[in-house]
Amino acid sequence: MGRQTPEYWYQDGVPVPLWASALAPLYEAVVHLRGSLYRRGWLSRHSLPVPVLVVGNITAGGTGKTPLTIAVVERLRRAGWKPGVASRGYGRQQAKAARWVDAGTPATLGGDEPVLIARKTGVPVRVDVDRVAAARALVQAGCDVIISDDGLQHYRLARDIEVEVVDAQRRYGNGRMIPAGPLREPVGRAAQCDFRIVNLGVDGRAQDVGFGQWPMRLDITQAVPLAGGRERALSSFEGQRVHAVAGIAHPERFFQMLRQRQIAVVPHAFADHHQFSPADFDFGSRLPVLMTEKDAVKCAAFAQPGQFSVPLQAELPEALWISLLDRLEQLRPR
């Protein structure tokens with residue numbers, strides 16, 4: 001299961017199909033109507049007795065939400081909070097069934113991103129198409145702050161803090177609504193978020209961060225063998241040719257990260273949330289294989305020697321954490 005990002009969303013000069021241009025105003029009208037119903041109270045929002053922090057974006061596809069969610073969870077835990085993560089678990093089997101996700105949950109059942117979050121953080125993770133029910137289950141499990149992963153448009157769950165993530169390179173694409181462009185909501189929606197994070201990748205420029213925004217850099221230094229064994233420094237692949245695998249919304253971001261580390265990339269891009277099989281790795285040559293962590297959780301069952309996961313580490317300014325923790329402290333139940 002997966003989806004390809006249309007070229008006309010982000011590439012200049014690629015014409016938007018007439019059918020997409022015709023449907024975009026209808027999509028925008030539905031978005032406005034739904035938002036109005038929530039603002040007027042005709043659709044109910046459900047509040048929780050603990051703070052709710054939403055991490056999301058106003059575009060379809062990946063912007064770096066998962067590494068940011070992991071960083072937020074780890075920082076909150078170090079500050080004494082007991083965070084839990086609520087997610088839909090896109091791409092999983094039995095999608096309508098609510099499920100607890102832990103480090104041993106197969107990605108086919110838990111979803112690639114929730115399984116990755118559970119493995120990296122060890123905090124309670126609940127997947128459910130009903131975000132309110134997922135959040136309530138986390139509260140009952142003892143969590144005192146809820147992180148809603150990719151939940152910006154799930155207005156039924158009332159939130160205390162909204163965090164928007166945007167890719168520094170692609171931004172809001174052609175600025176048009178789905179399906180003519182990548183926007184889930186109008187661009188002005190971003191200004192309503194409490195924190196706006198710009199994903200600069202590995203070597204992004206500080207000038208790409210606008211007023212009122214915070215930079216996030218992604219650091220890659222290690223390669224973890226999927227079949228077990230000792231980690232390798234990513235620098236040990238410098239000057240070598242490798243097969244690079246990415247089944248994410250923006251595969252070129254991963255490939256470029258590796259190229260910036262002087263690694264000769266043979267790219268293999270798959271659709272976002274692609275369910276891998278051993279046949280996907282029949283490349284015809286026995287070069288090392290480097291892949292994203294999100295893809296690696298789906299390949300562990302048939303991992304082979306020479307296949308490596310490349311972990312991402314999100315780095316954010318200390319001032320951001322001070323501001324976020326201060327805001328949460330004001331919301332802590334007395």
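**Rings and a buried charge**

User: Why is Phe302 called buried?

Analyst: Phe302 has a relative accessible area of 19%, and buried means under 20% (exposed is over 50%, partly exposed in between, with a 1.4 Å probe and protein chains only), so Phe302 counts as buried. This is a predicted model, in which local features need pLDDT of at least 70 and side-chain atom pairs count only at pLDDT 80 or more, while totals for chains, interfaces and linings use all residues. Residues are numbered from 1 along each chain as its sequence is written, and side-chain values use heavy atoms, with hydrogens and water left out.

User: What makes Phe281 buried?

Analyst: Its relative accessibility is 12%, and Phe281 therefore counts as buried.

User: Why is the pair of Phe281 and Phe302 called tilted?

Analyst: Rings of Phe, Tyr and Trp (its six-membered ring) pair if their centres lie within 6.5 Å, and planes under 30 degrees apart count as stacked, over 60 as edge-to-face and the rest as tilted. The centres of Phe281 and Phe302 are 6.3 Å apart and their planes stand at 55 degrees, so this pair is tilted.

User: Why is the pair of Phe281 and Phe283 called edge-to-face?

Analyst: Here the centres are 5.9 Å apart and the planes at 65 degrees, so the pair is edge-to-face. Ring pairs link Phe281, Phe283 and Phe302 with Phe270 and Phe276 into a cluster.

User: How do you know that Arg232 lies over the face of Phe237?

Analyst: A charge sits over a ring if NZ of Lys or CZ of Arg is within 6 Å of the ring centre and within 35 degrees of the ring normal; Arg232 meets this rule over Phe237, at 3.9 Å from the ring centre.
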